[in-house]
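Dear colleague,

I am passing on the structure we spoke about, and below it you will find my notes on what turned up. Please read them with the model open beside you.

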Amino acid sequence: QVQLVESGGGSVQSGGSLRLSCAASGDTASTYYMGWFRQAPGKEREGVAAIDSAGNIQFADSVKGRFTISQDNAKNTLSLQMNSLKPEDTAMYYCAATSARGTLGWWLLLGFRWNTYWGQGTQVTVSS
């Protein structure tokens, strides 16, 4: 089992920045991919950014050039730096981890629906 706890959400005006953090504990050695996902009211959960244990990264097209993902394996933490935020970035953001394989891009796009650990989520609200 892996436990994930997010922090750092909040409210910001359009164009602003926020940094999300995720603290992982438990059987973290078994996880291969970690990432951030989001879900806006009335919409399906979608991938935002993911990273594998080798440091390879994938981003959703909607956040490329604005968001950065990083991990500190020694501290078992995952971060998401969000810059140039837009109102359409408003959502509940979830930290996730999986020991399942397949490509990183596949997990970000679709594979997160199975065999994935989730945090409780942190709200990000961007006002225009």
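**Overall build**

Of the 128 residues of the protein, 41% count as buried. Please keep in mind throughout that this is a predicted model. The protein has 1 helix and 11 strands, and from the N terminus on these elements follow the order β-β-β-β-β-β-β-β-β-α-β-β. The radius of gyration is 13 Å, close to the 14 Å that the globule rule gives for 128 residues, so the protein is as compact as a globular protein of that length. Along its principal axes, the C-alpha trace spans about 40 × 25 × 25 Å.

**The disulfide**

A search of the whole structure finds 1 disulfide, which joins Cys-22 to Cys-95 with an S to S distance of 2.1 Å. Cys-22 belongs to strand β3 (residues 18–26) and Cys-95 to strand β9 (residues 91–98), so that the pair links distant parts of the chain, 73 residues apart. The torsion about the S-S bond of Cys-22 and Cys-95 is about -80°, and the disulfide is therefore left-handed. Both cysteines, Cys-22 and Cys-95, are buried.

**Salt bridges**

The structure holds 5 salt bridges, and three of them are described here in turn, beginning with the one in which the side chains of Arg-38 and Asp-89 meet at 2.9 Å, N to O. Arg-38 lies in strand β4 (residues 33–39), while Asp-89 lies in the loop between β8 (77–82) and β9, so this pair ties together parts that are 51 residues apart in sequence. Arg-38 has a relative accessible area of 6% and is therefore buried, and Asp-89, with a relative accessible area of 1%, is buried as well.

Asp-89 also meets the side chain of Arg-66 in a salt bridge, at 2.7 Å, N to O. Arg-66 is placed in the loop between β6 (57–59) and β7 (67–72), and Asp-89 in the loop between β8 and β9, so the two tie together parts that are 23 residues apart in sequence. Both Arg-66 and Asp-89 are buried. Together with Glu-46, the residues Arg-38, Arg-66 and Asp-89 are linked in a network of salt bridges.

A further salt bridge brings together the side chains of Glu-44 and Arg-113, at 3.5 Å, N to O. This pair, too, links distant parts of the chain, with Glu-44 in the loop between β4 and β5 (46–52) and Arg-113 in the loop between α1 and β10 (116–118), 69 residues apart. Here Glu-44 counts as exposed, at 59% relative accessibility, whereas Arg-113 counts as partly exposed, at 45%.

**A nonpolar surface patch**

Finally, which residues form a nonpolar patch on the surface? They are Trp-106, Leu-109, Leu-110 and Trp-114, which together have about 450 Å² of accessible area. Leu-109 has its place in helix α1 (residues 104–109), and this residue is exposed, with a relative accessible area of 68%.

Notes: Residues numbered from 1 in each chain as written. Predicted model: local features only at pLDDT ≥ 70, side-chain atom pairs only at ≥ 80, totals over all residues. Heavy atoms only, no water. Patch = residues over 30% accessible without salt bridge, like charges linked within 9 Å, V, L, I, M, F, W, Y side chains within 5 Å. Areas by Shrake-Rupley, 256 points an atom, 1.4 Å probe, with all protein chains shown as cover. Salt bridge = Lys/Arg side-chain N within 4 Å of Asp/Glu carboxyl O. Helix = DSSP H or I, 4+ residues; strand = E, 2+ residues; numbered from the N terminus. Buried < 20%, exposed > 50% of the residue type's maximum accessible area, 1.4 Å probe, protein only. Disulfide = S-S within 2.5 Å. Rg over C-alpha atoms; globule rule 2.2 N^0.38 Å.
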